[in-house]
Amino acid sequence: MRGVALEKVVKRFGPTVVIPELDLEIEESEFVVIVGPSGCGKSTTLRMIAGLEDISRGKIHIGGKDVTWLPPKQRDIAMVFQSYALYPHMDVAGNMSFALRLAGKPRAEIEERVRRAAEMLELTDFLARKPKDLSGGQRQRVAMGRSIVRDAYCFLFDEPLSNLDAKLRSSMRTELAILHKKLDRTMIYVTHDQIEAMTMADRIVIMDKGLIQQVGTPREVYNSPLNTFVAGFIGSPSMNFLEGELHSDDPVKVKGQGFDLPLSPEMTAKAKRAPRKDVIAGLRPEHFAVNASRAGSSESTYAKIDLDVSVAEYIGSSQFLAATIGEVPVTASVEVGPTTEPMTSGTYLFDTSRLYLFDRESGNAI
Amino acid sequence: MKLTKIANGCAGFAAFAAACALGAAALANPYEKYAGTTIVVSWPALAHFQAAETLVEEFTEETGIEVEIDALQYLKLRDRQILEMSKPTGDYDVVSWVVMWKGEYVAKGLLTPLSQYFTSGSLVDPEYDIDDIADAYLQNGGIVGGKKGYMPGKSGALYGIPFGAETSILAYRKDILEEQGIEPPTTYDELRVVMKQLGDAGIPAMTSRGRTGHQVTAGWLLHLAPLGGKIFDDQWNPTINSPEAVEAAQVLREIAQTGPTGIPTFGFGEASAAFLQGDAALYLDTLKIAAMSRNPKLSKIDGLVGYGLHPVGTRCGSETGGFAVGIPANSQNREAAFLFIQYITSKAGDQRMVELGGDPVRISTLMNNADNFDEYPVVAEQLPCADPDWRPLIPEWNELNVDVLGQALTEVITTDDPIQTIMDAANEKAREIMEREGYYTWASYRGN
Amino acid sequence: MTDRASSDTDDLGRPGFNIRSLNPYLFIFPAVLVMVCGLVYPVVDAFYLSFYDWKIGMPFETAPFVGLSHFKRMIFDADVWESIWVTIRFGFWTILIEMVLGISLALLLEKPIRGASVFRTIFILPLMVSPVVVGLIWRYLFDARIGWINYYLGMVGIEPQVWLGDAELAFFAIVFTDIWQWTPFIFIIIIAGLQALPSEVLEASKIDGANWWQHILLVKLPMLKSIIVIALLMRLIDVFRALEVMYILTGGGPGRATELLSLHIYNRAFDTQQLGYASAISVLLILLVFGLSFAILVFSDPLKEKSDI
């Protein structure tokens, strides 16, 4: 099979098991983002693919070739590091052409490839500069350029944007996405930032404690999180979790302290198959609404819910509400008009068609 | 109380009778006036002086004069003494110097002439007999002024008495020479033949100092005087390329060729160790080798060593060296200091030093103990022809010794280059130094 | 307004004397004092002495002022030039070999191989031995009569050599001893430098396809350049300072075969007792060291390079 595949890969550092057992298949030309909190094993996984870290058990294939015991240079990969890892003693052109020079490519070809990469990254004017004379964003581009000229089969990115400021980061996200389209190469990108994952990835791999929690498109992981971890990790602000019980009234309802929400027909069908009544209800902040705006017809999927608001943060088109339901602190994000006063406690609406239910014991989605 | 103390102090003394008789005859103890005085003695922390500490205690017992000894490492001694003696009033009442330093001390006015005490009837012990002290030692260590400034003569005067002085003798391995059927050499011609014989037999012949600098020069100087050479003629013209000097260098080269391995690295310690450890058949240097060869900690050859006179070349001339004691000009207790010096160099004191393991300076002491020490008769015979002028005691000597001769003689023993050429170059260098230091001013003044 | 300007004004903003502006000077005062007493004074004093013909033991007041004649004498003094030549050859061989050995060993022992840490500890022991002891140890090892080196050479049938009494062998001996003593210094500095190298850059080079040699020659060593230059500089200055070991090992002999400039100065000052002339030569030594250090610092600028890693 083409692409990148990890088969039953295990990584131990001494007695510590970092990756218990991991299977992952990445399609050719796919942009996969591995995301998770720090210490979840995402960087280790990337370094194992790169060959910078030996694996304790299992196999790794890149482009259909078993590379498990090959050194990095024989894996046909390029890598961009968090610290950029530029060679401080070489100028930009030297940094970008280093791999080509090592590979003994003809001079003309090297120059051509460096020129094209520099143009693509708008680095043409800086080719003769040393890394210390560049800004953070420029260094980042050089690091990118260094991997682009390689024309490798697979590109690996280890949190490449985390040292940039917020504005630069978002523009680099876009550039990366464009770059991926242009190069049409397999890219594996590690980050702890779920926004980067959501914006760039064809597929997202969410990891926690060395285990893959879910693999899916951004849409899938947002809309159909497999468990509370994925649900809480994807989406900003994070999903609110409330403990409750299922009640088989008509319509079926989930009730808990301070809330009583009817289920949508699809959810009702799922809830009937649930093994037990103890559940966790997941409510994304953005699915709350102001009472007045959506009240109305009986087909409305909105149900009433009381929020005890302590602070309302004004962020433009919406307000973030720090509130409690029952005694559980929750966040809600409600769209309001530009002149609306800060919202206060009272009855709000929640879109029950966007309600998530998880088994309270396993945390898995119902 | 004091009487018992004196009696105790005298007990066991060879000088018992003499000392007590003197006291009785004068009806007063000659030391009484100075009892309770404390004198400070500066001398090196060397074996002879360490042995003398017992004698010093006995001196205090007998005289009531307290003695504080400031024993310093040899290398620090001179700087410290000069520092003390340059003060208006110094702490030292007796100083011990290496003969090399005497000219400098006197030139700077740091020492008291001893003549002023030898004129004092109340201080001088009539039985002291200064003529019994080996002439070569006395001239070498004690007399300053005179001819050349460091030799006896009408312009000279006595500033110190030798104490811990030494001369050079030949020591040889009786067993090896006997085995090879070789007689101990008495002349330089014989010595050179013997060295060759031993060398041909695969036996390292003579050990010698040979380390670059003053060590190799010392090795050469041992042969210079007996072979009739001098460093300077009477007009301070260097003569280290004279036939005699070149012959001395030739002898040194032959020694290095036939002697134990490593002579170019030998200082005094290594050179002596080579003989004491049985790696050389002949030793021509200080008489101290005799005491060292009897010391089981140093020697593997106790009982195998015979002694002979320093071989004769054109003349008999052994080296003399070692220490002398005198009184700083800024001492506050000069009479007591004189009594101390007189005591430790008296016949009784000299005999006592032999008993304590030190080196005697008196001919009578050497003769009286000849039965106990194999080398003493040889030393007594050697001393009359010892040469106190085997090297010049002038300030420029340091530079000549280390920079000129020390370098040239290293070339002699480590290369096969013609010796005459080497010594010619050295002589020219020496002349330049003397020129620079103004020694030829008188000659050029007369010449004009 | 800069910080400095504001510190020159009082609390009401009026310009003038402010006790707090003295603080920096107060804090560096002890360091300056130590510098002046320990460094500036001896140098100035040596410079002063070089104009007098002072022989040890003579009261200084009686030493004649000789102007520049010591310096004139020095220019034509073949012994001084010979010492400088010995020093240059000594510096060249010791530094070259120490650098190559020290850097190679550091590169080999950088990784935590089994036993590497034990070896590292043993290897740096010579650094902890006082130079005087080093001199004595090697003097006995090289001793022609009783030394181990001749003993073991004898076991394989090689004639005993007078290591310290032959011009070439003695030079070899001091170079060898210096290498033995100072290679660990280079080793430690380079190991420290290697461990401070950013690991991601090294990984980048592996991914870029550098083999073992390319990895070392094209990435590691260029990144260590500033540290190597500093080590080189320190060794270079040490070469001019080296005294104790050679003093004990050979005393400069045989002849002047191992007489480094520093030892030559020492011998002139204390053996032949010409303090004034020795001071003049030491002024030359100071100028040489100063010039060399300055040149290296200017041409390599290690401190500037340092900041970008």
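**Figure 1. Chain B, overall fold.** In chain B, 75% of the contacts between residues at least 6 apart in sequence join residues at least 24 apart. The model shown here and in the other figures is predicted. Chain B contains 20 helices and ten strands. Its C-alpha atoms fill a box of roughly 70 × 65 × 30 Å along the principal axes. The radius of gyration of chain B is 23 Å, which agrees with the value near 22 Å that a compact globule of 448 residues would have. Of these 448 residues, 51% count as buried.

**Figure 2. The two domains of chain B.** Chain B is assigned a domain 1, made of residues 2–166 + 320–385, and a domain 2, made of residues 167–319 + 393–436. The C-alpha centres of these two domains of chain B lie 31 Å apart. Their contact takes 18 residues from domain 1 of chain B and 17 residues from domain 2 of chain B.

**Figure 3. Close-up of the side of domain 1 of chain B that touches domain 2 of chain B.** Three elements of chain B give two or more residues to this side: helix H5 (102–107), strand S10 (320–326) and helix H17 (375–382). H17(B) gives the most, with five residues. By residue class, this side of domain 1 divides into eight nonpolar, five polar and five charged residues.

**Figure 4. Chain A, overall fold.** The secondary structure of chain A consists of ten helices and 20 strands. Along the principal axes, the C-alpha trace of chain A spans about 75 × 50 × 35 Å. Chain A has 366 residues, of which 41% count as buried. Among contacts in chain A with a separation of 6 or more, 65% are between residues 24 or more positions apart.

**Figure 5. The largest nonpolar core.** This core has 163 residues, and the members that touch the most others are A:Leu156 and A:Ile188. Helix H9 (residues 167–196) of chain C gives the most to the core, with eleven residues. Within chain A, domain 1 (4–227) and domain 2 (240–359) both give residues to the core, so the core lies between them.

**Figure 6. Surroundings of A:Ile188.** Apart from neighbours within four places in sequence, A:Ile188 is in contact with A:Val4, A:Ile26, A:Val32, A:Ile34, A:Leu46, A:Ile49, A:Cys154 and A:Leu156.

**Figure 7. The interface of chain A with chain C.** Here 19 residues of chain A are in contact with 17 residues of chain C. On the chain A side, strand S6 (77–80) and helix H2 (92–102) each supply at least two residues. The chain A residues that touch chain C divide into 15 nonpolar, two polar and two charged.

**Figure 8. Arrangement of the chains.** Two pairs of chains touch, and the pair with the most contacts is that of chains B and C. Chain A and chain B are joined by no contact. The closest C-alpha atoms of chain A and chain B lie 50 Å apart.

Notes: Residues are numbered from 1 along each chain as its sequence is written. Chains are lettered from A and ligands numbered from 1 in the order in which they are written. This is a predicted model: local features need pLDDT of at least 70, side-chain atom pairs count only at pLDDT 80 or more; totals for chains, interfaces and linings use all residues. A nonpolar core is a set of buried Ala, Val, Leu, Ile, Met, Phe, Trp, Tyr and Cys residues joined through C-beta atoms within 7 Å. A residue is buried if 20 or more other C-beta atoms lie within 10 Å of its own, exposed if 12 or fewer, and partly exposed in between; C-beta atoms are placed from the backbone. Helices (H or I, at least four residues) and strands (E, at least two) are DSSP runs, numbered from the N terminus. Domain bounds come from an automatic or database domain assignment. Two residues are in contact if their C-beta atoms, placed from the backbone, lie within 7 Å. Ala, Val, Leu, Ile, Met, Phe, Trp, Tyr, Cys and Pro count as nonpolar, Asp, Glu, Lys and Arg as charged, and the others, Gly among them, as polar. The radius of gyration is taken over C-alpha atoms; the globule rule is 2.2 Å times the number of residues to the power 0.38.
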